[in-house]
Amino acid sequence: MNPSTIASPALFSVDGLVGVVFLIMVAITLIGGLIACNSDRLVRSVAGLIVCFVGVAGIYYFLNSPFVAMMQILIYVGAVAVTISFAIMLAAPEEKKKIGITGPLAGPLGFGTAALLAGGFAVLALQTDWPVQAKINDGSVKQIGIQLLTDYSMVFELVSIVLLIAILGALVIARDGREGQ
Amino acid sequence: MRLTLINVVIAVVAAIAFAALNAAYLVWAERRGAARIQRRPGPNINGPFGLLQPPLDGIKLMAKQLTIPGGADKAMFIAAPILAMFPAIMSFVTIPFSDTIVAKNMNVGILMIFAFASMGGMSLVFAGWSSRNKYAMMSSVRAVSQAVAYEIPMLITTITVVMITGSMDLMEIVRQQSGSILHWNIFPVLGNSHNLLMPFSFLIFFTCTLAETNRAPFDLGEAESELVAGFHTEYGSMGFGLFFMGEYANIVVGSCLTTILFLGGWNCPFGLFPGVWWFILKLYLLIGTFIWIRWTFPRTTIYGLLNLSWKILIPLSLFNLLFTAGLLKVF
C-alpha cells in the first residue's frame with residue numbers, strides 16, 4: 001500500500017504527487033512482472049523482466065538510494081537480462097512454443113503459495129509502523145565502502161555466498177550436460 | 001519549487017537538443033571526414049559546406065513509409081529504435097560540461113551513465129530478434145557477445161580511476177584534475193595517481209568505447225559485407241534514422257566520459273580560462289579521432305574482437321587495477 005494514502009493528502013500537494021510517482025513505479029514493476037510471466041515468447045518475457053527491473057530501480061531511487069538504483073539497472077538490465085537473452089538466442093531459434101500449464105506447482109498449489117506470500121507480506125506491511133529514516137550518509141563511494149565492510153559486512157559476505165552457489169550450480173548443470181552426450 | 005521545475009525542463013530540453021543536433025551533424029561530419037580520407041568531396045551541394053544535408057536527410061527519412069515486416073514482433077520492433085536513442089539522452093542529464101553547466105550532478109554520476117549505456121545493448125537485441133530476419137538475428141548475437149565482452153574491461157578501468165579519485169561524482173573527478181595538463185588522469189607520474197600505467201588505462205578505455213558504440217573496426221554488428229546491414233536490416237524511415245542518431249549520441253556520451261575521466265574535463269592544459277570551450281574542444285577532438293579510426297582501419301573478425309577483449313584487455317585491466325591499488329596503498 002502507498003503510505004501516503006493513509007494520511008490521504010491532496011493530490012496536488014507535494015506528498016500527493018510523491019505518492020503518484022511511487023504508484024507509477026509500482027505499476028511499472030507490476031506490469032513488467034505480468035508481461036514476464038504471461039507472454040508466450042521468451043524474448044518478450046525478458047523484455048517484461050527488464051521493465052520490472054527498471055520499475056524496481058525507480059522505487060530504489062524514490063527511496064533516496066540512487067547508488068542501489070543505478071546498480072540495479074547496471075547489473076540486472078545491463079548484465080543479467082543481456083545474458084538471459086544471449087542464452088535464449090543460443091538455445092531456441094524457433095521460440096514459438098507456447099509452454100502450457102504443467103507441473104504440480106501450476107494449479108491450486110501455485111495459487112495457494114502465491115496467496116500465502118501475498119497475504120503474509122500484506123499483513124507484515126500493515127503491522128509495521130514505517131518510521132521515516134534519516135539519511136544515513138551522503139552516499140559517496142567512500143561512505144558506501146566503509147559501511148559495506150563494517151556494519152553490513154554480513155550482508156556483503158552473504159551476497160558472495162549466493163554468487164558462489166550460483167557458480168557451483170552452473171558447473172553442476174554444465175557437467176550433467178556433458179555426460180549426457 | 002517552481003524555479004527548480006523550470007530548471008529541470010530547460011535541462012531536459014537542452015539535453016535532447018544537444019543530443020539530437022550532435023547526432024544529426026555528426027552524420028555530416030562523418031561523411032565529410034570519410035570523403036576527405038577517400039579523396040573525394042563528400043556532401044557539399046546543400047548549403048555552405050553541405051551543412052544543410054542533415055535536416056534534408058531528416059525530412060527525407062520522416063517522409064518515408066515505416067514498413068514492419070510480416071512476421072515481426074510489432075511492439076518490440078517499434079520499441080527497439082526508441083531504446084537505442086533514449087539511454088544516450090538520459091546520460092546527458094548528469095554530464096558536467098563545465099562547473100556550472102550541468103543538469104543534475106549526482107554522487108553516482110559515472111554509475112548512472114554506465115547503467116543507461118548498458119541498456120543500449122538491449123535495443124540491438126530487440127531489433128535483431130523482432131525483425132524475424134536471419135541476418136539481423138546473427139547481428140544481435142554478435143552485438144550481445146561484444147557488449148558483454150567490452151563492458152568488463154571498461155568498468156574495471158573506470159574502477160581504477162574511481163579508486164584514484166575516491167569519488168564517482170563526475171564534477172569531483174574533474175576538479176581533482178585541475179591545475180595544469182600534468183594533473184590530468186591520463187598522465188602518469190605527476191597526477192593524482194603516480195601510476196605509470198594510466199596512459200594504458202586510457203587506451204583500454206578508448207578501445208572499449210569504440211567497441212561499445214559499435215564503431216569500426218569493431219562494427220561486427222552491422223558488418224555490411226556479411227550481414228546486409230545487421231540489426232537494422234529491416235528498418236526504414238525514421239526507425240533507421242533513430243538507430244543512426246543513437247549511435248552518434250552514444251559516441252558523444254563516450255567521448256564526454258573519456259574527456260572527464262582522463263583528459264581533465266573543462267580544465268585548460270595551461271591552467272588558463274577553464275571553461276566549457278575546453279570541454280567542447282576535447283570532446284570534438286575525440287569524436288574526430290573516432291571518425292578518423294573508422295575510415296582508417298579495416299573491420300576485425302568476430303574471433304579477433306572477442307580474443308582482444310577476453311585475452312588481452314581484461315587481464316591487462318585487472319593487472320592495472322591491482323597495480324593501482326598497490327600504489328595507492330604505498331603512497
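What share of the contacts in chain A with a separation of 6 or more comes from residues 24 or more positions apart? The figure is 40%, where a contact means heavy atoms within 4.5 Å. Here are some notes for a first look.

1. **Ground rules.** This is a predicted model, in which local features need pLDDT of at least 70, side-chain atom pairs count only at pLDDT 80 or more, and totals for chains, interfaces and linings use all residues. Residues are numbered from 1 along each chain as its sequence is written, chains are lettered from A and ligands numbered from 1 in the order in which they are written, and side-chain values use heavy atoms, with hydrogens and water left out.

2. **Chain A overall.** Chain A has seven helices and zero strands, so-called DSSP runs numbered from the N terminus (helices are H or I with at least four residues, strands are E with at least two). Read from the N terminus, the order is α-α-α-α-α-α-α. Of its 181 residues, 21% are buried; buried is under 20% relative accessible area, exposed is over 50%, and partly exposed is in between, using a 1.4 Å probe and protein chains only. The accessible surface of chain A is about 12900 Å², and carbon and sulfur atoms hold 74% of that. Those areas come from the Shrake-Rupley method with a 1.4 Å probe, and for residues only the protein chains shown count as cover.

3. **A greasy stretch on chain A.** Helix H6 (141–149) and helix H7 (153–180) of chain A are the elements that give two or more residues to it. H7(A) supplies the largest share, eight residues.

4. **Leu23(A).** Over in helix H2 (residues 14–38) of chain A you'll find Leu23(A). Its relative accessibility is 43%, so it counts as partly exposed. From Leu23(A) to Val51(A) is 28 residues in sequence and 15 Å in space, C-alpha to C-alpha.

5. **Helix H4 of chain B.** This helix (residues 109–130) has 22 residues and reaches 33 Å from first C-alpha to last, close to the 32 Å expected at 1.5 Å a residue. The expected span is 1.5 Å times one less than the number of residues. Since 20 of its 22 residues are buried, H4(B) is largely enclosed by the rest of the structure. Just after H4(B), Arg132(B) has a positive phi of about 55°.

6. The largest nonpolar core has 99 residues, and Ile95(B), Phe126(B) and Phe262(B) have the most contacts inside it. H4(B) gives the most to this core, 14 residues. A core here is a set of buried Ala, Val, Leu, Ile, Met, Phe, Trp, Tyr and Cys residues joined through side-chain atoms within 4.5 Å. Beyond its neighbours within four places in sequence, Phe126(B) is in contact with Ala47(A) and Ile50(A), as well as Met76(B), Ala80(B) and Leu83(B).

7. **Salt bridges.** How many salt bridges does a search of the whole structure find? Two, over all chains, with a salt bridge being a side-chain nitrogen of Lys or Arg within 4 Å of a carboxyl oxygen of Asp or Glu. Glu30(B) pairs with Arg294(B), their closest N and O atoms 3.5 Å apart. Glu30(B) lies in helix H1 (residues 2–37) of chain B and Arg294(B) in helix H10 (residues 276–294) of chain B, so this pair ties together parts 264 residues apart in sequence. Glu30(B) is buried, at 3% relative accessibility. Arg31(B) pairs with Asp57(B), with the closest N and O atoms 3.3 Å apart. That pair links helix H1 of chain B to helix H2 (residues 53–63) of chain B, across 26 residues. Arg31(B) is partly exposed at 35%.

8. Arg142(B) is in helix H5 (residues 134–165) of chain B and is buried, with a relative accessible area of 18%. Arg39(B) is in the loop between H1 and H2 of chain B and is exposed at 79%. Its phi is near 60°, a positive value in a residue other than glycine.
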